[in-house]
Structures are given as C-alpha cells and as structure tokens.
Amino acid sequence: MRRKLIAGNWKMHGALTSNAQLLQSVLTGAGNLSAVEIAVCVPFPYLAQARSLLEGTNIAWGAQNLSEQPQGAFTGEVGAPMLNDFGCRYVIVGHSERRCFYGETDALIAEKFAAALANRISPILCVGETLEQRDSGQTIEVVSTQVNAVLERIGIAGFSGAVIAYEPVWAIGTGRTATSAQAQEVHASIRALLSKADSGIAGQLRILYGGSVKPSNASELFSMEDIDGGLIGGASLVAADFLAICQAAFSFR
Ligand code: PGA
C-alpha cells in the first residue's frame, strides 16, 4: 500500500510574513490528516523558516532545485549537503520550468537526482509532455525517455528512495487538468516501465500527478489506481485549497 503524498510547490512565491500565516493554517488544518504525507517545497531562502515552523510536526519540507555538484566554485548554486543542513526531506528535480527556462537536460537532471540520493534527500522527478507532443501521440514515448535517462544513470535501486511526478506541461498553471484517465494511462506506463527492472520497487514507488490540481478535481484524480498524490503549484499557496486537496487524498488513504 502506497501512502499518498501531497507536495506543495511554491515556485518563486512567498514572503516571511505570508509564509508564516500559510504554514500555520496548513499545520492547524493538517492535524488529523496524518495518514497522508504532506510536504512543502519552498524557495531556498525560506528553508530555515520552514524548518523552524515545521520541525516536529507531520509536515515535511524540501527545495525546488539543487546543484548536481556537492560544493565548490559554482556561484549561485545550492548543493544537496546544504539542503540536508536544513532538514529537507524532498527536492524537486527536473520541473518543466527548469527544463524550459533554464535549459536543464535529461542528463543534468539525472545528475541532480543522483546528488539528492547521495545526500539522503528524496528527489521528486518531474516528467511530462508538451501539448504539441501530446497532440502528435508522443506522450508515452517522451515520458519514458525522461524516466529512462535517470534509470540508465542511477539504476532501478535509486527509485526506491524517490518520487515521480507526472506533470503534463500544458496543464501546469493553465487551469487545464489532464483527465483522470489521461493521467492514469501515463502513470501506469511509468510503473510498467520501471517494473521491467524491478516490480517490487515499481510497485512501491509513488507517482504524483501535477498540473492544475485543485479541490474540485483532486478526488477524481486520486481515485485512480496509479495516482499516489499530487504536486501542487498554485493551489498550495492558498491554505484552504491545499488542505482540501490533502483531505481528498485522505479519503483514498
Ligand atoms: P500548478 O503547478 O498546480 O499551478 O499547475 C504544478 C507544478 O508546476 O508543480
């Protein structure tokens, strides 16, 4: 049985005051939802704040990116040992905004995934197709290539400490969600791909859906067999919405 995970991706949003309010509200509302794992992935400067407010609670925290290097002369980068210092349980790797706007390649993403694992931080590997790729019937091929890049670099054992998030690029921040059937098809294909390497690890792996998840569509998505929770962008910035999504996951625990 896979425990559902709801992870907030704050992206480049937040301020000390509003973060404190948001986290307090989430903490209050999440008190009786402990059957679901809840996490927030915050901008680097707020990791200390997240740790001080969330340590000892049932909400985990993490980052949204990391360097593939552990340390050194890499101006502006943040390494996995630093994330470890701040108690990160998770780090998002290969989000489509990093792939599109910052040129992250499958090869680099595989290195970042390895760096996270080497520091006992669970990577949340994001994969997903563009609208053009979906319309031309390439979805499964694109997603498989993205997953394979990591599988070939790390091996299947690396996935036992990881999470995958299927996030169709056309559904991110657009208000347009994949239907539960569309998402399920891709999730099942990812699990089948990894099952060929190790069915036990693939069976335990949590595969999240991300892309315009909101309270109104969360239950439908989480009811699907291979959807093990969500990576939540916009709705994670509104405590009531984030909690309603956690509640939806709770009902399928
Ligand atoms: P969204 O973002 O929920 O705002 O669509 C999801 C994500 O990019 O992780």
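**Exercise 1.** State how much space lies in the largest pocket and which residues are closest to its centre.

*Solution.* The largest pocket holds about 460 Å³ of space. A pocket is an open set of points on a 1 Å grid over the protein atoms alone, where a 1.4 Å probe fits, with protein on both sides within 12 Å along at least five of seven lines. Its volume is the space filled by probe spheres set on the points. Of its 15 lining residues (an atom within 4 Å of a point), Lys11, Met12, Gln64, Arg98 and Tyr102 are the closest to the centre. The model is predicted: local features need pLDDT of at least 70, side-chain atom pairs count only at pLDDT 80 or more, and totals for chains, interfaces and linings use all residues. Residues are numbered from 1 along each chain as its sequence is written, and side-chain values use heavy atoms, with hydrogens and water left out.

**Exercise 2.** Find where the charged end of arginine 98 sits.

*Solution.* The charged end of arginine 98 sits over the ring of tyrosine 102, 4.2 Å from the ring centre. The rule asks for NZ of Lys or CZ of Arg within 6 Å of the ring centre and within 35 degrees of the ring normal.

**Exercise 3.** Count the aromatic pairs and classify phenylalanine 113 with phenylalanine 159.

*Solution.* Rings of Phe, Tyr and Trp (its six-membered ring) pair if their centres lie within 6.5 Å; planes under 30 degrees apart are stacked, over 60 edge-to-face, the rest tilted. The count is two aromatic pairs. For phenylalanine 113 and phenylalanine 159 the centres are 5.3 Å apart and the planes at 45°, so the pair is tilted. Both residues are buried (under 20% relative accessible area, 1.4 Å probe, protein chains only).

Notes. Buried means under 20% relative accessible area, exposed over 50%, partly exposed in between (1.4 Å probe, protein chains only).
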